[in-house]
Amino acid sequence: MQILITGMHGFAGRALADLLLRETDWRIAGVSRLPQPPPPDARLTWIKLDLTDRDGVLRMIGELRPDAIVHMAAQTHVPTSWEAPWETFEQNVRPQLNLFQAILAERIKPRILVVTSNEVYGAPQSHELPFRESQPFRPNNPYAVSKAAQDLMARQYHISHSLDVCVARPFNHIGPGQAARFVIPGFAQQLVEIEAGLREPVMLLGNMAAQRDFTDVRDVARAYLLMLKSAKAGCAYNVCSGKPRSIQMVLDTMLSIAGLQVEQVSDPSKFRPIDTPVSFGDHALLTEAVGWQPEIPFETTLADVLDEARARAAIR
């Protein structure tokens, strides 16, 4: 079994590769625009390629002829999408189109999982929560528009070309390995610096009232593997915990774990132009289809993120 993972160098991509190495005997190829370190396992290889290069993607698919593809390569940072909307759209839509066209050109029939986002649902009315897969799309930021286009493209190619493709709509996923520009590892980095006496016990914060649906990335990776094996083609599935948690509650929990007290200061520069007050999903469809449930306790995830930030600080 040969699987291709786009964006394998990213947060969820690394978690999925680790899971596949532990639990399958598949050969794994990751694709990245940037050079990557030597793989830790002989079953894992890297392909250096910009997925916006149509001819390069065609050559790669022709040479690799994968049995399965997980497509998660994307510009995933919502604030960046406001600063660079066209670049976000091109980076998130063109690679998927190139992959689909190459698959058709090579006449192969891989199992395909396209990873989009809960951001396609936009800001809900109170009666629309929790979000279910039947919820109409109302994207309210450039990143969400790009993900809605990917989601719709996957459905279109299943209908028009019979591609064996299903879609994951993950809500916020967190855990070890996430970049510090995201909110929870950003909190962890600040708290570890405060613990070490490297900064004053003051935190500059954005919208703390927003409520989000957080799932450990290791649970998310397990959902992706189960979807590859048995989810229905042509369908989309929420990957989520089903529980809304405010950003303030996240910080309070991390402060409790770390045993710290800090001054909390609102920073207008950390607010988005448009923000969704509350968003959480329903994973009943995914549970029914593949038997998935989130397993890792939220407090365990936050403790692991803090421990990772401490380990990084000790290395410096």
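## Aromatic rings

In this predicted model, Y121, F131, F137 and F171 are linked into a cluster by ring pairs. Over the whole structure, a search finds six aromatic pairs.

One of the pairs is formed by W86 and F89, which are stacked, with 6.1 Å from centre to centre and 20° between the planes. Both residues belong to helix α4 (residues 85-106), where they are three residues apart and so separated by about one helical turn. W86 is exposed, at 53% relative accessible area, while F89 is partly exposed, at 27%. Y121 and F137 form an edge-to-face pair, with 6.4 Å between the centres and 70° between the planes. Y121 and F137 lie in the loop between β5 (111-115) and α5 (142-161), so their pair ties together parts that are 16 residues apart in sequence. Y121 is buried, at 0% relative accessibility, and F137 is partly exposed, at 25%.

## The three-stranded sheet

Strands β7, β9 and β11 form an open sheet in the order β7-β9-β11, with mixed pairing. β7 (172-174) and β11 (244-246) stand at the edges with a single partner strand each, so one side of each has no neighbour in the sheet. On average, neighbouring strands here are turned by 60° against each other, direction ignored.

Strand β9 (residues 211-216) runs antiparallel to β11 and is joined to it by three bridges. R212 stands opposite R245 in β11. The charged end of R245 sits over the ring of F298, 4.1 Å from the ring centre.

## Strands β8 and β12

Strand β8 (residues 202-205) pairs with β12 (residues 263-266) in the parallel sense, over four bridges. V202 has E263 in β12 as its bridge partner. On β8, M203 and L205 make up the covered face, and V202 and L204 the uncovered one.

Methods. Residues are numbered from 1 along each chain as its sequence is written. This is a predicted model: local features need pLDDT of at least 70, side-chain atom pairs count only at pLDDT 80 or more; totals for chains, interfaces and linings use all residues. Side-chain values use heavy atoms; hydrogens and water are left out. Two strands pair if DSSP finds at least two bridges between them. Helices (H or I, at least four residues) and strands (E, at least two) are DSSP runs, numbered from the N terminus. Axes are lines fitted to C-alpha atoms, for helices over the stretch in contact, and angles run from 0 to 180 degrees between N-to-C directions. Buried means under 20% relative accessible area, exposed over 50%, partly exposed in between (1.4 Å probe, protein chains only). Rings of Phe, Tyr and Trp (its six-membered ring) pair if their centres lie within 6.5 Å; planes under 30 degrees apart count as stacked, over 60 as edge-to-face and the rest as tilted. A charge sits over a ring if NZ of Lys or CZ of Arg is within 6 Å of the ring centre and within 35 degrees of the ring normal.
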